[in-house]
Amino acid sequence: MRRISRITVAGAATASLALALAACGGTSTDSGSESKGGKGLAIAYDVGGKGDQSFNDAAYAGLEQAKKEFGYDTADVEPTDGETDADKEQRLTSLAKQGYNPVVGVGYAYAAAMKKVAEKYPDTTFGIVDDATIEAKNVADLVFNEQEASYLAGVAAAKSTKTKTVGFVGGVDVPLIHKFQAGYEQGVKDTDPKVKVVSQYLTQTAEEGGFASPDKGKTAAEGQIEKKADVVYAAAGLSGQGVIEAAAANKIWAIGVDSDQYKQEALAKYKDSILTSATKDVAKAVYSLAKSVEDGKPETGIVRGDLKSGEVGLSDSNPKFADDAELQAAIKSAKEKIISGEIKVKDTP
C-alpha cells in the first residue's frame, strides 16, 4: 500500500554536517557549487558500511544516481562499532535537522530510532530498508520478497551440485535472514529432494558481527565444505566475502547476495567462483524514494519489490551460468510459477 502526501524540504543547515555527525559515525558529503536543488537524499549505513560489495553499496548506488539526476547535495554516513539506538537516533536527527530530504536508514536496525525521529520531523520523508513495522505518514518501508530470489538461488544450487550437498550461511539469526534460508531450502528441495542443505548462522545478534566479519563467513563456509557442500549461498552482508573467498580457495561455487557480486571490483579475483547472486534492487528503491520526493509526491507506507516487479531476481553475469541452457530453463520455469502463484514461496524455514 502507498499513501501519498505532499511535503516540503526542511530548511537549510545551521551547521556543517561533518561537525554535527562527528560523534555518531563518519560521513561523506557533497556540497559542490554546481548543486541546483539544495539538500536532498541522505543515507545512514547498516553494519558493514560502504564497501561491503553488497547491501550498503547498493544503497549508495541509488544515492549516486539521485545526486547525478537531481543535482543536489547528498550525504552518506557510516555506523560505529557497538552503537546503540540512541546513536542511530542522533545520526538521523542530524541529517533531518540540516535539511536532507529524504533520509534513509539502511537496515531494519534503524526501526526504533527512525520511528522517534520521524515524529519529530513530520515535514521530512524517511525511508527504511528491510523493515515494515513503522506506520507513519512520512515513512516509506522499503521491503523485498527476498525469499523469491532465494528460491531461484536454490534451484541454481540444486542443478549445479555434484555432491548432492549445498550450504547456506546466514549472517544473523533474525526473521529477515530466515526469509533467505526458507526460500533457498525450498528451491533446492523442490528441484531435487535428494540434495541436502547444510544451514548455519554466524551470530545471534548483529552486534556480534554477523554481518561484518569476513573471517566468520570464511570459517563457516570451510566447515560446510568439509561436509561436502559444493555450492554455498551466503546472506551475510560483508561476512559473505569470506564465504566467497573460501569457495574460490576450494574450487566450489558461491552464490552472492543483494548486489551482483560477480561485478564487484573488490571480489574480482574470486568472480569465476561466483555462480550467480540473488539480488534485490536496493539502489532502485532508494533512488525511487528520492525521485518521489523531488516530484512532490513522496512514497510512504509499504513499498515492496518482488520477482514480478523485477526488483528481486538472479544475476546472470557469469557466462558459465548464463550459457547453461538446462539451468536457465529450470530457473525460468520456477520464476514463471512463482509469479503466477503456482509456487508459494515460504518466508520461514
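**Before selecting anything**

The structure is a predicted model, in which local features need a pLDDT of at least 70 and side-chain atom pairs count only at pLDDT 80 or more, while totals for chains, interfaces and linings use all residues. Residues are numbered from 1 along each chain as its sequence is written, and side-chain values use heavy atoms, with hydrogens and water left out.

**Stop 1: the whole chain**

Display the complete chain and colour by pLDDT, the predictor's confidence in each residue, from 0 to 100. The average over the protein chain is 89, and 89% of the residues score at least 70. Now select residues 1-25, where pLDDT stays under 50. The model has 67 contacts (heavy atoms within 4.5 Å) for this stretch beyond four places in sequence. Residues 29-36 also have a pLDDT below 50, with 16 contacts in the model beyond near neighbours in sequence. Where pLDDT is low, the predicted coordinates should not be read in detail.

The secondary structure comprises 11 helices and 13 strands. Helices (H or I, at least four residues) and strands (E, at least two) are DSSP runs, numbered from the N terminus. Of the 349 residues in the chain, 57% are buried. Here buried means under 20% relative accessible area, exposed means over 50%, and partly exposed lies in between, with a 1.4 Å probe and protein chains only. Among contacts between residues at least 6 apart in sequence, 71% join residues at least 24 apart.

**Stop 2: a six-stranded sheet**

Select strands β8, β7, β9, β10, β11 and β13, which form an open sheet in that order with mixed pairing. Its edge strands are β8 (196-203) and β13 (312-314), each pairing on one side only. Two strands count as paired if DSSP finds at least two bridges between them. Strands of a sheet pair through backbone hydrogen bonds, either parallel or antiparallel.

Which residue of β9 is the bridge partner of Phe-168? The partner is Tyr-233.

**Stop 3**

Select α2 (residues 55-70). This helix has 16 residues and reaches 23 Å from its first C-alpha to its last, close to the 22 Å expected at 1.5 Å a residue. The expected span is 1.5 Å times one less than the number of residues. Buried residues in α2 include Phe-55, Leu-63, Ala-66 and Phe-70. The helix is followed by Gly-71, which has a positive phi near 65°.

Move to α6 (residues 175-191), whose 17 residues reach 24 Å from first C-alpha to last, close to the expected 24 Å. This helix is mostly covered, with 12 of its 17 residues buried. Among them are Leu-176, Ile-177, Phe-180 and Val-188.

**Stop 4**

Show the side chain of Asp-76, in strand β3 (residues 73-77). Is Asp-76 buried or exposed? Asp-76 counts as buried because its relative accessibility is 3%. Its side chain makes a polar contact with the side chain of Tyr-45 at 2.7 Å, and another with the side chain of Lys-50 at 3.2 Å. A polar contact is a pair of N or O atoms within 3.5 Å; within protein, one must be able to donate a hydrogen and the other to accept it, and residues adjacent in sequence count only if both atoms are side-chain atoms.

**Stop 5: backbone features in loops**

Most residues other than glycine have a negative phi, and most peptide bonds are trans. With this in mind, select Asn-101 and Pro-102, which are joined by a cis peptide bond with omega about 5°. Pro-102 lies in the loop between α3 (85-97) and β4 (103-106).

Continue to Asp-130, in the loop between β5 (126-129) and β6 (139-144). Although not a glycine, Asp-130 has a positive phi of about 75°. At 11% relative accessibility, Asp-130 is buried.

Finally, select Lys-251, in the loop between α8 (240-249) and β10 (253-258). Lys-251 also has a positive phi, near 55°. This residue is exposed, with a relative accessible area of 76%.
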